[in-house]
Structures are given as C-alpha cells and as structure tokens.
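Here's a quick report on the model, written to be read with the structure open beside it.

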Amino acid sequence: MEHHKAISNHTAIYLLVCIIAIAAGLRIYGLDRQSLWYDEIVEAMNFQRLINHQTPDIVPPLNSFFLYLIQLVFPDNDFILRMAPVTFGLISVPLLYLLGARLFNNKVGLISSFLLAVSPLHIWYSQDARMYALQWMLALVSIIFYIRTLEKPGITNFTGYIISTLADLYAHQFAVFLILLQGLYLLLFTGRYKQQFIKWAFAFSAVIILYLPWLIYSMTSLIDLSTAGFVKPIDFRVLPYTIFTYCAGFSIGPSLRELHFDQSLEVIKPYLTIIGSIMAVYGTLFLLGIWSMRRDYPKLALIILIVIIPISGALVLAKIKPEITYNVRYTATALLAFLMFVAKGVDWLTCLTPRIFGRILAITAIVVMTGFSAYSYTNYQFNIKYHKADFRSAAAYINEKRMPDDPVICLI
C-alpha cells in the first residue's frame, strides 16, 4: 500500500516558497501589538548586564547578544527587536522541510514545514524575544548535520555538527538533551556505527570542552537556581498538556494566566469538547505516522528519541531540582519531531485505496488542523484573554500617576 508518488523538485520548491511566505505573514503580522513582557525585557538586558559585570540571567548569552546588537542600531523598537525571533522561526520552516525530505520524501518535508509554519506554539515564540526560536532553529541544524555525518562521517559534516550543536548550547542549556538523544541513538545502533565511535567521541568532547567556559562561569558567578522561578508541583497532567500545546499553542482552552493560578480540572471542563477534538485529530495522525514507520526502525527510533528525551529530561530535572519549574517551552525541540510524525501520518493517508479516498482524507486532515491553528492564532492576536502581560502599559500608568516624591520599586 505504501506507494508514494513523488513531487518534482521544481514543484516542491514552489510550494516551499509559498509556505515560507505564509509563515512570514503569520509571524510579522501584529508583531509589536502586544508589549514586551517580563522575560523578554530580561532577555533584552541580559548581554548588556554581562559585559557590565552585573549579574545576568542564568541563560547562555547567544540570543541576548543578537538582541544587544539590534538595540545598538534600533533602541526602544519592539518591532525590530522581535524580528530576530521571527527570522529564526522563518529559517526553521525550510530546515524542517530539508529534514523531512532527507529522512522520508519531499511530500513529508512539505507537510511538516507547513504544519510548523501555522503552528500556534511556534508562532508564539517566533514573536517572543527570548531564545527559544533560536534554540529550535539550531536544534534543526544540529540534527541535519548529525544525520549527514552518520551517512558521510567527513570533516566538513563533523565541523558543521560541532558548530551548530555548540551554538545551540549557547542559546539554551537545555540543548544538552539534544546531545543526550544523539548519543543514545548511537548506542542503540552500535553495530551500524561502531567504526565511527572514536570520531563521535571526539565530536561530543569538542562540544563539551568548548562549552566549559560558560558552564564554569555560570556555576561560579551567576545567581542561585533557588531564585529561578515559581515552584509548581509536577503531576501526570503536564504530559497531555504538553502534547495539547504542541497542537494548539496557548490560545485555545484556559489561558496561561488561568492555569498559573488554578491547575484543577475545573478550569479545563468548559473546553473539553474542543480539546478532545484537537487531541483526537492530531493523536490519530501521530499514531498513524508511527505505524507507517514500523518497518524503518532506525528512523522511527531517532524521531521517537527527539520526542521523548526533551520532555522526559525536563520532567526529571524538575523533579530533582524543583526550582527549575517544568515548562513546555523547555521541551519544544520535541515539537519538531511531533509534527514530523503527524506529517508522516498524513502522507500515509494518501496511500490508502482507492487513491482518491486517501487523498480526500489527507486534505481534510490538513484543512482541519489548519482550522484549529487559525482559531488559536485569532485568539492570540485579538482575544486579550490570551495576550502576554502588558508591561509597557503598566510602566506608562505608573509613570503617569506617580507623584515626584513617590518611591518606585523595580524588580528585574
């Protein structure tokens, strides 16, 4: 049954350009409608604090370095500042196409890239000046070079892998889970790659050694992790919520603000119908994607590891060190593999017989998922319930109302 009609390279490039244009429009529209919120403000100040020998945030400095350069040229411009994550998010779209096309075919690559282009979670962080869009983009580059290096273990591919993986670590320390899953994959297929082990040991060692300066600095100079944030209990609900967020972002169902103060099932009950519908569609396609790969164990194992390790790693870390609160954004490298499984499920539908029936099912699935994304995107842009915290307005209100001798306490 799994006979795939290939899409010509010319058609694939044309469709990919259209997908990138859609991604650009969704990410640039309303870019500065919502104020910078607390975490973005901290990120924007981070590199300046570092070079001034002040205590910066605990996150590595690569993204804040880019923001620092932007602010030197365009000070106090939220739109231009957020163009950095927009750019990283846009680059991720063709990168996911390249990964899907390399592992499977250009149809899976195109479906994956389209799902990322309209992904509410990815759009959210592509309009957020923190480091996550950069981290996920670099994770894609690292994975692509990782696969290229496994196939052709030459100096060029190893160099690309080391540079991209190191850069990912300097974007966010949770990129360590990416290295972990890559190492686990090599161990799972020891027989296939045993002749490369020495080279890979050197590559992993090079990444660790080159990351040591920041690791040593952060362990000796930065703030104690006990001040890292609000400690929330971890229970079974974080897993379905994580998957739901991969599907629908933060703009369907209870808002982040509601969940912050009340994580009971009572908050979720009014939204069970749409939550169930979304989970049923994406969950079915996800399982179909796994089923379609059942005979290709190496690729199946790799993508499953990309899903499992970031999520389980963040959970284990939150259990060991509760001050490092579990957060979906820490795991979202898994989003890339999750969408690839979904895309593979859609591709599997196109192979059903009669062929016209399979194609109608596949198109219907894409239309339904696009509808869910459009609903979430509309909420994100126009429903104040789902907006980010408005720090600009709060600061303007304080500035307008305070008297000359009133003290102002600012906690950054």
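Proline 354 sits in the loop that links α18 (333–349) to α19 (355–382); helices here are DSSP runs of H or I with at least four residues, numbered from the N terminus. Aspartate 76 isn't a glycine, yet its phi is positive, about 55°. For context, most residues other than glycine have a negative phi, and most peptide bonds are trans. Aspartate 76 is also exposed, at 75% relative accessible area (exposed is over 50%, buried under 20%, partly exposed in between, with a 1.4 Å probe and protein chains only).

This is a predicted model, where local features need pLDDT of at least 70, side-chain atom pairs count only at pLDDT 80 or more, and totals for chains, interfaces and linings use all residues. Residues are numbered from 1 along each chain as its sequence is written, and side-chain values use heavy atoms, leaving out hydrogens and water.

Zooming out, the protein has 20 helices and zero strands. Its C-alpha atoms fill a box of roughly 75 × 50 × 40 Å along the principal axes. Of the 412 residues, 50% are buried. Contacts (heavy atoms within 4.5 Å) with a separation of 6 or more are 79% between residues 24 or more positions apart.

| Residue | Loop between |
|---|---|
| Proline 354 | α18 (333–349) and α19 (355–382) |

Notes
Helix = DSSP H or I, 4+ residues; strand = E, 2+ residues; numbered from the N terminus.
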